[in-house]
Amino acid sequence: MFIDEGNYTVPVPSNAPGINIWAPIKISATPGRVKLTSSTSFAISISTENSPVEDVTIYGLTLDGENKPFSVGRPGLIRSRTANRLNISNCFFINSSMSGIDLEYVAGNISNNEFYYTRFTPKSENPYVKRHG
């Protein structure tokens with residue numbers, strides 16, 4: 001699924017993440033040209049937490065948490081649990097009140113992402129992450 005450039009708001013209910021992924025999918029955009037935010041008082045999040053999933057690619061998105069709290073689950077703009085072949089690349093993670101990416105029991109490739117103004121995991125703990133702010 002290719003997303004045309006623009007700013008998009010996603011409704012985030014109080015009892016679920018904004019976007020749930022349960023099946024293989026490729027979500028892509030021109031890097032830096034698509035920004036996702038929340039239309040509610042909770043931060044935007046993309047989640048694969050509800051069931052094991054394989055072959056998920058997220059490419060080129062900007063996720064802006066707007067320093068809002070997370071609605072449920074683990075605190076990350078992208079959060080994944082029990083995923084195989086998860087690929088996240090060329091994305092921007094900004095203004096997260098906690099983590100940019102939160103992973104547990106995940107295999108795949110996380111590369112060429114940038115993190116701005118996230119409040120968790122200082123750069124000194126992971127020299128492979130580019131973090132600004």
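Biologist: What makes Glu-54 and Arg-85 a salt bridge?

Modeller: In this predicted model, the closest N and O atoms of Glu-54 and Arg-85 are 3.0 Å apart. The cut-off is a side-chain nitrogen of Lys or Arg within 4 Å of a carboxyl oxygen of Asp or Glu, so the pair qualifies. Glu-54 belongs to strand S6 and Arg-85 to strand S8, and 31 residues separate them.

Biologist: Why are Glu-54 and Arg-85 called neither buried nor exposed?

Modeller: Buried requires under 20% relative accessible area and exposed requires over 50%. Glu-54 has 39%, so the term for Glu-54 is partly exposed. Arg-85 has 37% and therefore receives that term too. Glu-54 and Arg-85 also belong to one network with Asp-55, joined by salt bridges that share partners.

Biologist: How many salt bridges does a search of the whole structure find, and what makes Asp-64 and Lys-35 one of them?

Modeller: The search finds five. For Asp-64 and Lys-35 the N to O value is 3.7 Å, and because the limit is 4 Å, the pair counts. The two residues lie in distant parts of the chain, Asp-64 in strand S7 and Lys-35 in strand S4, 29 residues apart. Asp-64 has a relative accessibility of 7% and so counts as buried, whereas Lys-35, at 29%, counts as partly exposed.

Biologist: Which parts does the salt bridge of Glu-104 and Arg-81 tie together?

Modeller: The side chains of Glu-104 and Arg-81 meet at 3.4 Å, N to O. Glu-104 is in strand S10 and Arg-81 is in strand S8, so this pair ties together parts 23 residues apart in sequence. S8 and S10 (residues 99–111) also pair in the parallel sense, over eleven bridges. Within that pairing, Asn-84 stands opposite Ala-107.

Biologist: Which residues touch the most other members of the largest nonpolar core?

Modeller: That core has 25 residues, and those touching the most other members are Ile-46, Ile-58, Leu-61, Leu-63, Ile-78, Ile-88 and Phe-93. Strand S8 (76–89) is among the strands that supply at least two residues of this core, and its five residues form the largest share. Beyond four places in sequence, the contacts of Ile-78 include Ile-46, Phe-93 and Gly-100.

Biologist: Why is the pair of Phe-93 and Phe-115 called stacked?

Modeller: A search of the whole structure finds one aromatic pair. The ring centres of Phe-93 and Phe-115 lie 5.0 Å apart and the planes meet at 15 degrees; planes under 30 degrees apart count as stacked, so the term applies. Phe-93 is in strand S9 and Phe-115 in strand S11, so the pair ties together parts 22 residues apart in sequence. Phe-93 has 0% relative accessibility and therefore counts as buried; Phe-115, at 11%, counts as buried too.

Terms used. Residues are numbered from 1 along each chain as its sequence is written. This is a predicted model: local features need pLDDT of at least 70, side-chain atom pairs count only at pLDDT 80 or more; totals for chains, interfaces and linings use all residues. Side-chain values use heavy atoms; hydrogens and water are left out. A nonpolar core is a set of buried Ala, Val, Leu, Ile, Met, Phe, Trp, Tyr and Cys residues joined through side-chain atoms within 4.5 Å. Buried means under 20% relative accessible area, exposed over 50%, partly exposed in between (1.4 Å probe, protein chains only). Helices (H or I, at least four residues) and strands (E, at least two) are DSSP runs, numbered from the N terminus. Contact means heavy atoms within 4.5 Å. Two strands pair if DSSP finds at least two bridges between them. Rings of Phe, Tyr and Trp (its six-membered ring) pair if their centres lie within 6.5 Å; planes under 30 degrees apart count as stacked, over 60 as edge-to-face and the rest as tilted.
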